[in-house]
Amino acid sequence: MNSPTNPLKRSSSRREFLQTTGAAAAALSIPASSWARVAGANDRLRIGLVGCGNRGIEAHMSQVHDHSKDQNAEVVAVCDPWRVHREEAVAKAKEWFGIDVAQYVSYRDLLEKEDLDAVMIASCDHQHTAHLEAFAKAGKDVYCEKPLAMDLEKLKSACDAVKESGGVVQIGTQLRSLPSMTGAKALYATGALG
């Protein structure tokens, strides 16, 4: 749609592009079964990061960067109350994704960003449920660091918000899959530890 302040800024869909250019004829030669595999700008997964400390930048943002081309994803917004961490994330996003990302001090401001598909939460442990609940209510898909909750009532409220949203939510439990952890569990199950 055209921006009222700048008529040259236009976000057009692939469909509009194909309908208004000579590319339409070439596009018609692509079999219908191939359309699902065509990744364009309109299919790009636009991700926000809440919490720009070590886990946010070195774990989450770096993983998005590692898979950004094959998964057509990018971090487009970062949020952290501490300016130093926020600016580090902005600089990394510029380096990795080649874009100037939006930056926010409060997650409440990030909630209002309409062109955001998903959020990765790497904030302080005691904030996870509040952030998850808010982003679920905003209709965003979420990846949230563990632990999910430190308070049962807040946990129930966040879970209810996720159920009502119908969105996709994953809680980080990746360490449980490491060979050292599964091996320790297997050893414990043998009874060898007493």
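In this predicted model, I171 is in contact (heavy atoms within 4.5 Å) with L132, Y143, C144, E145, K146 and L148, residues up to four places away in sequence being left out of the list. I171 itself belongs to strand 6, residues 169-171, where helices (H or I, at least four residues) and strands (E, at least two) are DSSP runs numbered from the N terminus. With a relative accessibility of 23%, I171 is classed as partly exposed, given that buried means under 20% relative accessible area, exposed over 50% and partly exposed in between, for a 1.4 Å probe and protein chains only. The C-alpha atoms of I171 and P147 lie 8.0 Å apart, although the two residues are separated by 24 residues in sequence. P147 is found in the loop that joins strand 5 (141-144) to helix 8 (152-165), and the peptide bond leading from K146 into P147 is cis, with omega near -5°.

The model is a predicted one, in which local features need pLDDT of at least 70 and side-chain atom pairs count only at pLDDT 80 or more, whereas totals for chains, interfaces and linings use all residues. Residues are numbered from 1 along each chain as its sequence is written, and side-chain values use heavy atoms, with hydrogens and water left out.

The protein chain contains nine helices and six strands, and buried residues account for 33% of its 194 residues. Of the contacts in the protein chain between residues at least 6 apart in sequence, 68% join residues at least 24 apart.

V50, placed in strand 1 (residues 45-50), is buried, its relative accessible area being 3%. When residues up to four places away in sequence are not counted, V50 touches C79, Y107, L110, V119, M120, I121, A122, S123, H131 and F135. A separation of 8.9 Å is found between the C-alpha atoms of V50 and S106, which are 56 residues apart along the chain.

Two of the residues touched by V50, Y107 and F135, also form an aromatic pair, with ring centres 6.3 Å apart and planes at 55°, an arrangement that is tilted. Rings of Phe, Tyr and Trp (its six-membered ring) pair if their centres lie within 6.5 Å, and planes under 30 degrees apart count as stacked, over 60 as edge-to-face and the rest as tilted; by this rule the count is one aromatic pair. Because Y107 lies in helix 6 (residues 107-111) and F135 in helix 7 (residues 128-137), the pair ties together parts that are 28 residues apart in sequence. Both partners are buried, Y107 with a relative accessible area of 16% and F135 with one of 0%.

The axes of helix 4 (residues 54-71) and helix 5 (residues 83-97) come within 11 Å and cross at roughly 15°, the axes being lines fitted to C-alpha atoms over the stretch in contact, with angles from 0 to 180 degrees between N-to-C directions. Helix 4 is therefore roughly parallel to helix 5, a term for angles under 35 degrees. The contact involves I57, M61, S62, V64, H65 and S68 of helix 4, together with H85, E88, A89, K92, A93, W96 and F97 of helix 5. In the loop between helix 4 and strand 2 (73-79) lies N72, a residue other than glycine with a positive phi, near 55°. N72 counts as buried, at 12% relative accessibility.

Terms used. Parallel < 35°, antiparallel > 145°, perpendicular 65-115°, else oblique.
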